[in-house]
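Please go through the notes below with the model open. They cover confidence, charged side chains, backbone angles and surface.

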Amino acid sequence: MVGFVGGDFAWEMSAAGEAAGIDFVVDRLCGIFGGDIRKHVGRAMMTNWGAERFVRGAYAAARPGRSQARATLMQPVAEKIFFAGEHLAGPLMQTCGGARLSGEAVAKEVVAQLAAK
């Protein structure tokens, strides 16, 4: 299972630490599925995504009603700046596979543009 939290609560969870984050999630699961679920929780971890220097906790979620912005982001800027990644991967959005396929597609686009010159 993978779970996400966001906003101020995510920063609070991050500050509380991994053990507190895992306890929170397991407690929530117990509230949904009953206390027996606790014995079925094996390995658990929490990323420190907010501390990642280049993303600071961001991920590829569009605000409600704003997903059309991805189509704009897919367009090259002055035929010199190209964007790729899991946020532009269509049905594979928010996956590593989507990130790779998006990167490969953009790389082919750049190669074709350079070959045409």
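1. Elements first. Helices (H or I, at least four residues) and strands (E, at least two) are DSSP runs, numbered from the N terminus. By that scheme Arg70 sits in helix α3, residues 69–73.

2. Basis. This is a predicted model, in which local features need pLDDT of at least 70 and side-chain atom pairs count only at pLDDT 80 or more, while totals for chains, interfaces and linings use all residues. Residues are numbered from 1 along each chain as its sequence is written, and side-chain values use heavy atoms, with hydrogens and water left out.

3. Confidence. pLDDT is the predictor's confidence in each residue, on a scale from 0 to 100. The protein averages 88, and 99% of the residues score at least 70.

4. Arg70. Which side chain of opposite charge is nearest to Arg70? It is Glu86, 6.9 Å away. Arg70 is buried and has no salt bridge. Buried means under 20% relative accessible area, exposed over 50%, and partly exposed in between (1.4 Å probe, protein chains only). A salt bridge needs a side-chain nitrogen of Lys or Arg within 4 Å of a carboxyl oxygen of Asp or Glu. For charge, Lys and Arg count as positive and Asp and Glu as negative; His and the chain ends are not counted. The side chain of Arg70 does reach the backbone oxygen of His87, at 2.8 Å.

5. Salt bridges. How many does a search of the whole structure find? The search returns 2 salt bridges. One of them pairs Asp27 with Arg38, with the closest N and O atoms 2.9 Å apart. Asp27 belongs to helix α2 (residues 18–33) and Arg38 to the loop between α2 and α3, so this pair ties together parts 11 residues apart in sequence. Asp27 is partly exposed at 42% relative accessibility. Arg38 is partly exposed at 41%.

6. The α4 pair. Glu104 and Arg100 meet through their side chains in a salt bridge, 2.7 Å from N to O. Both lie in helix α4 (residues 96–115), 4 residues apart, so about one helical turn separates them. Glu104 is partly exposed at 31% relative accessibility; Arg100 is exposed at 59%.

7. Positive phi. Please check two residues in the backbone. Ala78 is not a glycine, yet its phi is positive, about 55 degrees. Glu79, also other than glycine, has a positive phi near 55 degrees. Ala78 is in the loop between α3 and α4, and Glu79 is found in the loop between α3 and α4. Ala78 is exposed at 59% relative accessibility, while Glu79 is partly exposed at 46%.

8. Nonpolar surface. Val2, Phe4, Trp49, Phe54, Val55 and Tyr59 make a nonpolar surface patch of about 700 Å². Patches take residues with over 30% relative accessible area and no salt bridge; like charges are joined within 9 Å, nonpolar side chains (Val, Leu, Ile, Met, Phe, Trp, Tyr) within 5 Å. Areas come from the Shrake-Rupley method with a 1.4 Å probe, and for residues only the protein chains shown count as cover. Phe4 lies in the segment before α1 (7–16). Phe4 is exposed, with a relative accessible area of 59%.

9. Trp11. This residue is in helix α1. Trp11 is partly exposed at 41% relative accessible area. Trp11 and Asn48 are 37 residues apart in sequence, and their C-alpha atoms are 9.9 Å apart in space.

Key
A polar contact is a pair of N or O atoms within 3.5 Å; within protein, one must be able to donate a hydrogen and the other to accept it, and residues adjacent in sequence count only if both atoms are side-chain atoms.
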